[in-house]
Amino acid sequence: MTDAFEGVRILDFTQLEQGPSATQVLADFGAEVIKIERIGQGEIGRFQPPFLDGGYSPHWSATNRNKKSLSLDVKSPQGKEIVYELAKDADIVASNFRPGVMDRLGFGWDELSKINPRIIVAYASGYGLTGPYTHRRGQDLAAQAISGLMALTGSQETGPVPTGTFMIDYLASMQFAQGMMIALAAREKTGRGQVVDSNLLNAAITSHLQEGTTFLNTGQRFDRPTAGVAHAHNTALYGYYEAADGLWFTLIGEFYVDNQWQRSARACGLPREQVDDPRFQTIEGLREHTEETHRLLADAIAKFPREEIMARFEAQDVLVAPVHEYDAVFEDPQVRHNGLVLESEVDGVGPVKFVGMPVSLSETPGRLRHVPPTIGQHNDDVLAAAGLSPRRIAELKAAGVVGTETDRQQAGEPAAWS
């Protein structure tokens, strides 16, 4: 099978989520991604609990399939030379340290572009490579706060609320992957590499680009809505409701159909005078009476079990969706159909499941080629491919420049997951 990024080599210094999720995207579609890791410890993401047998972290493994691991002392002269040798044939060097760290290590753009003018040096950070915040540590929650995303989320009663997961880490990682792909495409035209600069703050800002563009041009603010309504500029027909059995669902009755209020009110069994109330027949009227209409709907919905009330809305051609508790998400038939649950055997751990690839291609699909690596699992393979002899590799291991984790495993020690 042909893979879309077959022949692309990435030297991957990234850790945690923002960087590894991005390099995994290219790895899923065929790129050779070589994780450069600390000897005996690996990247810090390996230490995220809970753990399976042998110290295997599912949290870490979620972003590190289809990669190789090279354990190396990159601060030693010999370790630096190995990185430079690998960089000669690499397409991308990716990192998500604070700005300046890769330069101090000797692996920044100025140094690597001399070795390989076609190389793409891709940086992911908290706030960008330059500017007043470059000294700050980047973190998902900080980006949500500074960007205004938290101010848009929550209700008047709760105040600002963060997302339920590290959403900006993931969004920024996808933009990081996009930047690397764009740079690869540009190199086909120019023959030259370049710097990719991706950061958490930009990702968080662009997550609400529609509201931001509207504000910049009209000054319209987007205050938090009343409880139960999804956004301040929407109505009670765009919100979330609790049914009689304690289960929740979302109502998306404001879009796609005409006579929005009448359809929703009939679904809830409201009396005719409320269905036809002239105050509620336009979006402007619904916005003006958000609290009243939300209360009417919430009281009526609370009389029905979730399945029944959702069926009543669907009979009126009004869109609804269940609010899945987490244990129901991966049992959803469409989630399963879309291939978002993968499973493979991991030596010493057993069967391990992964969240699958979100994008499908008919000719060059992404695939699970390799499970996440143990620390230094591919030391011999990577260094041999770089032209080092078995004797030289053995010397580097003896000197502590290259890790010996796999050698110890072959001698009977447990696999080095962390």
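Author: Let us begin with accessibility: buried means under 20% relative accessible area, exposed means over 50%, and partly exposed lies in between, with a 1.4 Å probe and protein chains only. The model is a predicted one, in which local features need pLDDT of at least 70 and side-chain atom pairs count only at pLDDT 80 or more, while totals for chains, interfaces and linings use all residues. Residues are numbered from 1 along each chain as its sequence is written, and side-chain values use heavy atoms, with hydrogens and water left out.

Reader: Why is Tyr256 called exposed?

Author: Tyr256 has a relative accessible area of 71%, and because exposed means over 50%, the word applies. Tyr256 lies in the loop between S10 and H11; helices (H or I, at least four residues) and strands (E, at least two) are DSSP runs, numbered from the N terminus. Its phi is positive, about 80°, although Tyr256 is not a glycine.

Reader: Why is Gln262 called buried?

Author: The relative accessible area of Gln262 is 19%, and because buried means under 20%, Gln262 is buried. Its place is in helix H11 (residues 260-268).

Reader: What makes H11 mostly covered?

Author: Eight of the nine residues of H11 are buried, among them Trp261, Arg263 and Cys268. The elements covering these buried residues include S10, helix H12 (272-275), helix H13 (283-288), helix H14 (290-301) and helix H15 (306-315). After H11 comes Gly269, with a positive phi near 75°.

Reader: How do you know that the side chains of Gln262 and Gln281 make a polar contact?

Author: A polar contact is a pair of N or O atoms within 3.5 Å; within protein, one must be able to donate a hydrogen and the other to accept it, and residues adjacent in sequence count only if both atoms are side-chain atoms. The side chains of Gln262 and Gln281 make such a contact at 3.0 Å. Not counting residues up to four places away in sequence, Gln262 touches Val275, Asp276 and Gln281.

Reader: Why is Tyr127 called buried, although it is found in a loop?

Author: Tyr127 has a relative accessible area of 12%, and since buried means under 20%, the word holds. The loop in question runs between S5 and helix H6 (140-147). Leaving aside neighbours within four places in sequence, the residues in contact with Tyr127 include Tyr133, Arg136, Ile146 and Leu201. The side chain of Tyr127 reaches the backbone oxygen of Arg137 at 3.5 Å. Between the C-alpha atoms, Tyr127 and Arg137 are 8.7 Å apart in space, and they are ten residues apart in sequence.

Reader: What makes a set of residues a nonpolar core?

Author: A nonpolar core is a set of buried Ala, Val, Leu, Ile, Met, Phe, Trp, Tyr and Cys residues joined through side-chain atoms within 4.5 Å. The largest such core has 29 residues, of which Phe13, Leu70, Leu72, Ile82 and Phe107 touch the most other members. Its largest share, five residues, comes from H3. A second, separate core of 25 residues includes Leu237, Val275, Leu296 and Ile301.

Reader: How is the protein chain divided into domains, and how far apart do their centres lie?

Author: Domain bounds come from an automatic or database domain assignment. That assignment gives domain 1 (9-207 + 336-411) and domain 2 (238-242 + 248-322). Their C-alpha centres lie 46 Å apart.

Reader: What is the make-up of the protein chain as a whole?

Author: The protein chain has 20 helices and 13 strands. Buried residues make up 45% of its 418 residues.

Conventions. Contact = heavy atoms within 4.5 Å.
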